[in-house]
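Good morning, and thank you for making time on the agenda. Please have the sequence and the model open as we go.

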Amino acid sequence: MDTTVPGITFDGQGECNFCEVHNHMDRAFPLGEAGRKKVQEIAADIKRLGKGKKYDCVLGVSGGRDSSFTLWYCVVKLGLRPLAVHFNDGFGNPVAGENMVKACHKLGVEMRTITSDWRESKDLKIAFLKASTPDMEEGTDVGIATALYGVAAKEGIQRIVIGQSFRTEGIAPLTWNYLDGKYLKAVHKQFGTVPLRPWKADDPGFHLDLEQMFYYAFIRRIKTVTLLYHVDYVRADVDELLARELEWVNPGAHYFDDLYQSVIYYLNRTKFNIDRRLFNYSALVRSDQMSREVALERVKHINGIEDERVINLCIKRLGLTRAEFEEIVKAPPKTFRDYPNNYSLIRKLRWPIKILSQLNLIPESAYDKYFNCGT
């Protein structure tokens with residue numbers, strides 16, 4: 001991590017605030033025997049709440065490494081009965097799609113695909129290109145979250161399991177990936193052309209503002225569980241396990257279960273001088289899963305996820321010509337602060353958000369994301 005990262009600070013020993021966050025989370029979510037004990041407590045809680053129901057949890061799947069391993073671990077190691085939920089916004093990698101189908105078939109898990117309204121999904125992607133901010137996956141991130149909450153609400157399930165690990169992914173700097181339902185609506189209002197469908201509890205669409213979060217967390221009592229925070233999860237070992245157990249095939253790169261990531265990485269590099277691998281690789285270095293020397297060498301080269309053929313395919317799928325796309329992205333770079341958002345309110349709710357994170361009523365990393373990863 002270096003000074004291209006907004007909000008980074010270094011202490012007298014040269015350690016940055018992102019390392020401090022990593023250290024804090026390492027202590028808060030220990031591995032080894034303590035981690036195994038915590039996982040068993042989580043599993044017991046999920047089974048208790050799901051007793052007598054067809055499913056005891058909702059589990060988000062994408063066909064990538066993290067979610068595939070989480071699905072396998074929940075079924076094989078913990079004996080849970082998940083309902084696998086996949087959000088489809090029209091840009092899924094076919095290899096990842098096959099991974100999901102094979103995994104669910106082999107594990108005897110039902111998979112439910114929530115397909116977004118294509119007009120809304122496409123319109124949001126174009127709107128965020130025009131907004132000229134680096135968090136171009138805002139619509140997809142909100143769509144994934146609402147798909148999970150919507151299915152949980154519909155089925156009366158109180159636990160959502162997320163395949164995410166700060167030890168292998170890190171936490172994105174706030175300005176690079178700001179998640180806020182009000183912000184999404186503000187950008188859509190200014191640049192969108194297709195009206196968003198109204199919110200319904202079991203069909204939320206692209207609506208996830210503070211009032212919706214309050215409904216799911218406090219009225220429906222739905223909690224999110226980041227299971228991998230407590231599991232000794234080593235990527236190199238997991239690839240071999242998944243290939244053997246689930247016939248899993250690597251989609252080609254981390255995050256490449258979503259083809260639109262080609263566009264995101266390309267624009268992040270060429271327009272915003274952002275390399276998202278910085279926080280990914282830093283997490284792997286801190287977790288002893290990659291050497292610092294290897295990480296530094298890799299970031300000297302353009303990420304292989306930037307596939308020109310895939311970029312052109314995504315642009316065509318948006319209904320744009322390459323010339324129209326390049327014209328849109330000529331606009332000067334901006335951030336979420338240039339649009340209406342909830343950030344000032346979130347800052348005032350610092351302590352409630354900390355408590356909600358600790359209680360898993362919102363993702364455990366939410367507090368650090370909004371308060372310790374840049375301002």
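Before I describe a lining, a word on classes: Ala, Val, Leu, Ile, Met, Phe, Trp, Tyr, Cys and Pro count as nonpolar, Asp, Glu, Lys and Arg as charged, and the others, Gly among them, as polar. Please also bear in mind that this is a predicted model.

Let me start with the second largest pocket. By these classes, its lining divides into 18 nonpolar, four polar and five charged residues. That lining comprises 27 residues, and those nearest the centre of the pocket are Met1, Cys19, Leu278, Ser282 and Arg286. Two or more lining residues come from each of helix H1 (17-28), helix H12 (277-286) and helix H13 (292-298). Which element gives the largest share? It is H12, with eight residues of the lining. The space in this second largest pocket amounts to about 580 Å³.

Phe87, Asp89, Met136 and Phe206 are among the residues that line the largest cavity, as are Ser121, Leu124, Lys125 and Phe128. At least two lining residues are supplied by H5 and at least two by helix H6 (138-155), and the largest share, four residues, is that of H5. In terms of class, the lining of the largest cavity holds five nonpolar, three polar and two charged residues.

H5 also takes part in an aromatic contact. The structure holds 25 aromatic pairs. One of them joins Phe91 and Trp118, with 5.7 Å from centre to centre and 40° between the planes, a tilted arrangement. Why does this pair tie together parts that are 27 residues apart in sequence? Phe91 sits in the loop between strand E2 (82-88) and helix H4 (94-107), whereas Trp118 belongs to helix H5 (residues 118-131), so the pair links those parts.

Finally, the sheet. Five strands form an open sheet in the order E3-E2-E1-E4-E5, and the pairing is parallel. At its edges are strand E3 (111-115) and strand E5 (223-225), each of which pairs on one side only. On average, neighbouring strands of this sheet are turned by 30° against each other, direction ignored. Strand E1 (residues 57-60) and strand E4 (residues 159-161) run parallel and are joined by two bridges; Val58 has Ile160 in E4 as its bridge partner. Helix H2 (residues 32-50) packs on the sheet, where it touches E1, E4 and E5. The direction of H2 makes about 135° with that of E4.

Thank you; I am glad to take questions.

Methods
Residues are numbered from 1 along each chain as its sequence is written. This is a predicted model: local features need pLDDT of at least 70, side-chain atom pairs count only at pLDDT 80 or more; totals for chains, interfaces and linings use all residues. Side-chain values use heavy atoms; hydrogens and water are left out. On a 1 Å grid over the protein atoms alone, a cavity is a set of points where a 1.4 Å probe fits but cannot get out, and a pocket is an open set with protein on both sides within 12 Å along at least five of seven lines; lining residues have an atom within 4 Å of a point. Grid points are joined across faces, edges and corners, and a volume is the space filled by probe spheres set on the points. Two strands pair if DSSP finds at least two bridges between them. Axes are lines fitted to C-alpha atoms, for helices over the stretch in contact, and angles run from 0 to 180 degrees between N-to-C directions. Contact means heavy atoms within 4.5 Å. Rings of Phe, Tyr and Trp (its six-membered ring) pair if their centres lie within 6.5 Å; planes under 30 degrees apart count as stacked, over 60 as edge-to-face and the rest as tilted.
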